[in-house]
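Please keep the model in view while reading.

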Amino acid sequence: LAGCAAEKATAPGIPVTPAGITGRITSISANGAYRGTIRVESDPTTPSGPKALVTVTGETAIYRIIQTPVSTAETDFRGFDVGQWVRVWFDGPVLESYPVQGSAGTVVIDSVGTGLANRIPR
């Protein structure tokens with residue numbers, strides 16, 4: 001999943017390293033208003049494609065891309081919807097199960113257009 005390569009900054013708050021997983025949210029399980037888990041699938045039409053169960057905590061930075069050229073706005077767990085395109089950067093260890101499981105340090109939601117988050121230089 002995630003590699004370790006330095007890159008130039010993309011937008012304030014968005015990490016400069018490659019995301020741990022990029023894909024669509026296929027399920028959401030809230031644990032209160034600001035925490036829970038999201039299931040992210042790189043290609044939901046492929047049963048064996050990359051998938052992750054991502055724990056979102058009160059410490060997770062969540063950004064929404066709101067326009068191009070890229071600008072962002074902070075949001076929270078309530079901003080997630082099934083079908084959204086997201087990029088996730090994990091914070092701490094990631095369990096090597098299938099799907100992988102880990103806590104998110106940062107999540108970027110693409111609210112401008114499908115896959116825009118994937119076109120931000122990585």
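The text below covers the overall fold and then the salt bridges.

This is a predicted model: local features need pLDDT of at least 70, side-chain atom pairs count only at pLDDT 80 or more, and totals for chains, interfaces and linings use all residues. Residues are numbered from 1 along each chain as its sequence is written, and side-chain values use heavy atoms, with hydrogens and water left out.

**Fold**

The protein has seven strands and one helix. Their order along the sequence is β-β-β-β-β-β-β-α. Helices (H or I, at least four residues) and strands (E, at least two) are DSSP runs, numbered from the N terminus. Of the 122 residues, 38% are buried. Buried means under 20% relative accessible area, exposed over 50%, and partly exposed in between (1.4 Å probe, protein chains only).

**Salt bridges**

The count is three salt bridges. Each is a side-chain nitrogen of Lys or Arg within 4 Å of a carboxyl oxygen of Asp or Glu.

| Pair | N to O distance |
|---|---|
| Glu41 and Arg39 | 3.1 Å |
| Glu41 and Lys51 | 3.0 Å |
| Arg78 and Asp76 | 2.6 Å |

Arg39, Glu41 and Lys51 form a network of salt bridges. Glu41 is buried at 9% relative accessibility. Arg39 is partly exposed at 23%. Arg78, by contrast, is exposed, with a relative accessible area of 54%.
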